Amino acid sequence: MNSKLQFGETVSGYNIPVVNEREIRAAAGIMFLATFISLMLIIDGGNFVPIK
């Protein structure tokens, strides 16, 4: 098992793998929005279907 787990892309000019922060922030924002909508549905209407 010589393969190693690596996150990020190899970019010329950098010695370490680089991640795209905009993609990470966009994914976090989408997940937050889905969680917030589910929470509002639970609090406001007692609808627990979105969290199943």
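Where do Phe32 and Phe36 lie, and how many residues apart? I found both in helix α1, four residues apart, about one turn of the helix.

**Entry 1: the model.** I noted that this is a predicted model, in which local features need pLDDT of at least 70 and side-chain atom pairs count only at pLDDT 80 or more, while totals for chains, interfaces and linings use all residues. Residues are numbered from 1 along each chain as its sequence is written, and side-chain values use heavy atoms, with hydrogens and water left out.

**Entry 2: the whole chain.** Along the principal axes, the C-alpha atoms fill a box of roughly 55 × 30 × 10 Å. I also noted that 2% of the 52 residues count as buried. Buried means under 20% relative accessible area, exposed over 50%, and partly exposed in between, with a 1.4 Å probe and protein chains only.

**Entry 3: the aromatic pair.** I searched for ring pairs and the count came to one. Phe32 and Phe36 form this pair, which is stacked, at 6.1 Å centre to centre and 20 degrees between the planes. Rings of Phe, Tyr and Trp (its six-membered ring) pair if their centres lie within 6.5 Å; planes under 30 degrees apart count as stacked, over 60 as edge-to-face and the rest as tilted. Phe32 counts as exposed at 57% relative accessibility, whereas Phe36 is partly exposed at 40%.

**Entry 4: Ser38.** Is Ser38 buried or exposed? I found that Ser38, in helix α1, is buried because its relative accessible area is 15%. Its side chain reaches the backbone oxygen of Ala34 at 3.0 Å.

**Entry 5: Ile16.** I located Ile16 in the segment before α1. Ile16 has 60% relative accessibility and therefore counts as exposed. The C-alpha atoms of Ile16 and Leu5 are separated by 13 Å, and these residues are 11 apart along the chain.

Conventions:
Helix = DSSP H or I, 4+ residues; strand = E, 2+ residues; numbered from the N terminus. Polar contact = N/O pair within 3.5 Å; in protein donor to acceptor, adjacent residues only side chain to side chain.
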